[in-house]
Amino acid sequence: MHTTVAVVGGGPAGLLLARLLRLADIDCVVLERRDRAYVEQRQRAGVLEQSTVDALREAGAAERLDAEGLVHSGVELRWDGRSHRIDFPSLTGGRRVWVYAQTEVVKDLIALHRATGTPVHFEAEVRAVEGVDTERPTVRYTHRGQERTLTCDYVVGCDGYHGVARTAVPQGVRRTYERVYPYSWLGVTAEVPPSCDELVYAHSPRGFALHSMRSPEVSRLYLQVPNGTDPAHWSDERIWDELEARFALDGRQLGRGPVTAKAVLPLRSSVTEPMRHGRLFLAGDAAHIVPPTGAKGLNLAVSDAVVLARALVRRRHTGETDLLDAYSDTCLRRVWRAEHFSYFMTTTLHTDPGQSRFDTRLQIAQLDRIAASPHAEAELALNYAGLPLP
Ligand code: APR
Ligand code: PHB
């Protein structure tokens, strides 16, 4: 089997890239290790930047997003008994964010691929990516127990943080920059209408908490917990009591309802450079991950896919490889900006296990500054609502 672009991994990066290639009549094959039901149910973040929504619209993949997505014009910060709303449109020249779960984006893209006959093979686990320094790379994979080979002109690793594509960049060339945080998130989905209009990011002496949502009926909530926490030790009652204490709601109560899912997520920052070697390109979590405070992961995956699709289309139409040659540098500039923002949000809002009272006062001074200064506020708003695509 031969194709122009072999896409390893059917998460948002791989599925959107395949969609954009399909619209340009460039043939590609997506190989996804898991089955379709698993990929469509996997719980992930749910905030889409303005430019992500624009990209999905351009890809013809935003019909349900436009009908069901919750448009948000700001976020709320809470700390030290205060709260402050940051208004995005007035600070960013009209940008907003959409709350629409990543898993729904994935469902929408898979439905489009099925409707247009783009080959997305589930239960196809890539074992090795070879020959990326040659004209004709090879992808070896197993599909439902059978060994298979796919040759291609280009191979794109969209296979996430635990993927294999990255290892095809020789060790002497590959550089990884990484930071592990000394805390995790307990993520909770609950059958209860959201108690707040906006997403609320709360700094508290008991640790960080985040109030988000999935729909007008379903809340999504997060609590900072120690690394290695067993979610079984968190009863529904303990979760609600702790959320209420951390959001410090002035005597108001959070609406409580049945918890339908809970899981512990570790926090990590990581970047692998370069994002291109020979005919191999890395996109999304395969090249970089961010801690979820600020919700940049999905948005970075989308911008990589857009930049790479544009470069492959240019190569097809003009024969020019300039955009492909610039791919890694173009993406990494945006990636490092998002890495810094995610790190900033994380370290400003969480309580480190070894944190001193001095460190806490610095965090509060930083949050006070955001509330007091339109410049500091605008810097947060611009990063959160998302910078324009490169
Ligand atoms: N062969 C085929 N597929 C693989 C392999 C492999 N060897 N290894 C991993 N995969 C698949 C995974 O099953 C997954 O479906 O690659 C896909 C990677 O998808 P994501 O992890 O969703 O990564 P990406 O598409 O880059 O999207 C980034 O996902 O992790 C979140 O917060 C992150 O929102 C961000 C987004
Ligand atoms: C979510 O809704 O899952 C979510 C929202 C904002 C974040 C992280 C996760 O920063």
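A word on names before the first selection: helices (H or I, at least four residues) and strands (E, at least two) are DSSP runs, numbered from the N terminus. One more thing to keep in mind is that this is a predicted model.

**Stop 1: a loop residue**

Select Arg-34. You will find Arg-34 in the loop between β2 (28-31) and α2 (36-41). Arg-34 and Val-75 are 41 residues apart in sequence, and their C-alpha atoms are 35 Å apart in space.

**Stop 2**

Next, select residues 2-8, which make up strand β1. Of the 7 residues in β1, 6 are buried, so the strand is largely enclosed by the rest of the structure.

Which strands pair with β1? One of them is β11 (residues 146-157), paired with β1 in the parallel sense over 6 bridges. Pick Val-8 and you can look across to Gly-157, which stands opposite in β11. Another partner is β2, also parallel to β1, with 4 bridges.

**Stop 2: a helix residue**

Move on to residues 50-58, helix α3, and pick out Ser-51. Ser-51 has a relative accessible area of 4%, so it is buried; the cut-off for buried is under 20%. Which residues does Ser-51 touch, not counting residues up to four places away in sequence? They are Arg-95, Arg-334, Leu-387 and Leu-389.

**Stop 3: ligand 1**

Now select ligand 1 and show what is around it. There are 25 residues surrounding ligand 1, and the closest are Glu-32, Arg-42, Arg-44, Gln-102 and Asp-285.

- Gln-102: a polar side-chain atom lies 2.5 Å from an oxygen atom of ligand 1.
- Arg-42: a polar side-chain atom lies 2.8 Å from an oxygen atom of ligand 1.
- Arg-33: a backbone N or O atom lies 3.1 Å from a nitrogen atom of ligand 1.

How much of ligand 1 does the protein bury? Ligand 1 taken alone exposes 710 Å², and the protein buries 91% of that. To see where the shell comes from, color α1 (12-23), β9 (124-130) and α8 (297-318), the elements that each give two or more residues to it. Sorted by class, the shell holds 9 nonpolar, 8 polar and 8 charged residues.

**Stop 4: an open sheet**

Switch to a cartoon view and follow 8 strands that form an open sheet, in the order β6-β5-β13-β14-β15-β12-β16-β19, with mixed pairing. At the edges stand β6 (82-87) and β19 (288-289); each has a single partner strand, so one side of each is left without a neighbour in the sheet.

Strand β16 (residues 259-273) runs antiparallel to β19, joined to it by 2 bridges. Select Val-271 and you will find its bridge partner, His-288, in β19. From β16, step to β12 (residues 175-190), where 13 bridges join the two antiparallel strands. There, Glu-178 stands opposite Ser-270 in β16. Then go from β12 to β15, an antiparallel pair with 7 bridges, and see Val-188 standing opposite Leu-221 in β15.

**Stop 5: ligand 2**

Finally, select ligand 2. It is surrounded by 14 residues, with Tyr-201, Ser-212, Arg-214, Tyr-222 and Pro-292 the closest. A polar side-chain atom of Tyr-222 is 2.5 Å from an oxygen atom of ligand 2, and for a side-chain N or O atom of Tyr-201 the distance to a ligand oxygen is 2.7 Å. Gly-294 uses a polar backbone atom, 3.1 Å from an oxygen atom of ligand 2. Taken alone, ligand 2 exposes 280 Å², of which the protein buries 99%.

Strands from the previous stop return here: β13 (199-202), β14 (209-215) and β15 (218-225) are the elements giving two or more residues to the shell. The largest share, 3 residues, comes from β14. By class, the shell around ligand 2 has 9 nonpolar, 3 polar and 2 charged residues.

Methods
Residues are numbered from 1 along each chain as its sequence is written. Chains are lettered from A and ligands numbered from 1 in the order in which they are written. This is a predicted model: local features need pLDDT of at least 70, side-chain atom pairs count only at pLDDT 80 or more; totals for chains, interfaces and linings use all residues. Side-chain values use heavy atoms; hydrogens and water are left out. A residue is near a molecule or strand if one of its heavy atoms lies within 4 Å of it. A polar contact is a pair of N or O atoms within 3.5 Å; within protein, one must be able to donate a hydrogen and the other to accept it, and residues adjacent in sequence count only if both atoms are side-chain atoms. Accessible areas come from the Shrake-Rupley method with a 1.4 Å probe; for residues, only the protein chains shown count as cover. Ala, Val, Leu, Ile, Met, Phe, Trp, Tyr, Cys and Pro count as nonpolar, Asp, Glu, Lys and Arg as charged, and the others, Gly among them, as polar. Two strands pair if DSSP finds at least two bridges between them. Buried means under 20% relative accessible area, exposed over 50%, partly exposed in between (1.4 Å probe, protein chains only). Contact means heavy atoms within 4.5 Å.
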